Amino acid sequence: LLGFSRYDSKQQLLGLPSVILKANNQDASLMHEIVAMNLFRRMGIPAVLEAPARLFINGEFFGAYMLNEVLDAAFLRRNFGEDTGYLYDWEENRTDGYRFEYLGPDQTLYSPAMWSPKTRKTDPDPANIEAMGRAVNFAPDADFEREVSKYVDLKQFMTYIATENFLADFDGVLGGPFGMNNFYFYRFAGTTVGQFLPWDKDGTFSWEGKSIFDGVEENVLARRAMQVPELRKTYLDALAKAAALA
């Protein structure tokens with residue numbers, strides 16, 4: 001992390017208080033993340049800004065890196081005009097992967113264990129996350145969209161996973177063999193509803209033969225949402241839009 005405000009709390013670089021130097025060890029081209037995040041933004045999903053960089057230390061070339069915007073309160077203000085909601089970073093802690101299964105009523109199994117708070121750290125409100133998991137798993141089919149929409153922007157979610165599958169991401173929300181991974185989740189201030197935000201996309205463009213429905217059946221939220229005709233159409237329309245933008 002490179003901070004620009006250590007000696008002057010108001011100092012920024014191009015409006016950013018800090019950036020991350022990322023080696024992108026899984027992407028020798030250093031292009032995957034830039035292309036992926038640009039597509040997410042064009043699909044209407046907020047995504048961090050990125051740029052290639054050459055790092056010099058004391059005048060010596062140290063290597064090629066990516067400069068990543070930090071997904072923090074400044075990002076929230078820039079994209080949503082607020083920063084007082086609940087921002088969570090996904091931190092998987094299960095060896096068998098997690099795919100939106102209900103883990104029971106113990107709220108500590110959800111946050112801060114997996115949904116790690118990045119804002120409001122002293123009050124992560126795990127009750128809302130447990131309730132979201134309960135609705136995703138147990139809402140009757142006829143009530144699924146209404147009940148789960150209390151916690152997740154479902155149309156945004158379908159666009160999000162369609163974009164990931166279009167990008168052939170093997171390590172995202174749908175997760176493949178690893179379960180859910182590499183995302184943030186922001187719940188808006190004064191509401192119970194949140195949306196997914198992309199993160200760490202150097203694993204995109206991994207396999208050109210990836211199915212457009214890869215990982216959907218294994219993920220409880222994606223599988224049940226795909227059974228709602230309007231949401232399935234949102235998913236397919238998003239794939240078509242991504243293809244047109246590519």
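Colleague: Where is the place of Val 35?

Modeller: Val 35 sits in helix H1, where helices (H or I, at least four residues) and strands (E, at least two) are DSSP runs numbered from the N terminus. This is a predicted model, so local features need pLDDT of at least 70 and side-chain atom pairs count only at pLDDT 80 or more, while totals for chains, interfaces and linings use all residues. Residues are numbered from 1 along each chain as its sequence is written, and side-chain values use heavy atoms, with hydrogens and water left out.

Colleague: Is Val 35 buried or exposed, or partly exposed?

Modeller: Buried means under 20% relative accessible area, exposed over 50%, and partly exposed in between (1.4 Å probe, protein chains only). With a relative accessible area of 36%, Val 35 is partly exposed.

Colleague: Which residues make the nonpolar surface patch?

Modeller: Patches are made of residues with over 30% relative accessible area and no salt bridge, like charges being joined within 9 Å and nonpolar side chains (Val, Leu, Ile, Met, Phe, Trp, Tyr) within 5 Å. The areas come from the Shrake-Rupley method with a 1.4 Å probe, and for residues only the protein chains shown count as cover. Here Met 31, Val 35 and Phe 205 make a nonpolar patch of about 260 Å².

Colleague: How many salt bridges does the count come to?

Modeller: Side chains of opposite charge can pair when their charged atoms come close. A salt bridge is a side-chain nitrogen of Lys or Arg within 4 Å of a carboxyl oxygen of Asp or Glu, and by this rule there are 17 salt bridges. One of them joins Glu 33 and Lys 22, at 2.6 Å from N to O. Glu 33 lies in helix H1 (residues 32–42) and Lys 22 in strand S2 (residues 18–22), so this pair ties together parts that are 11 residues apart in sequence. Glu 33 counts as buried at 0% relative accessibility, and Lys 22 counts as buried at 15%.

Colleague: Which residue forms a salt bridge with Lys 233?

Modeller: That partner is Asp 237, with the closest N and O atoms 2.7 Å apart. Asp 237 and Lys 233 are 4 residues apart in helix H7 (residues 229–245), and are therefore separated by about one helical turn. Asp 237 counts as partly exposed, at 41% relative accessibility.

Colleague: Which residues do salt bridges that share partners join into one network?

Modeller: Through shared partners, salt bridges join Lys 22, Glu 33, Asp 200 and Asp 202 into one network.
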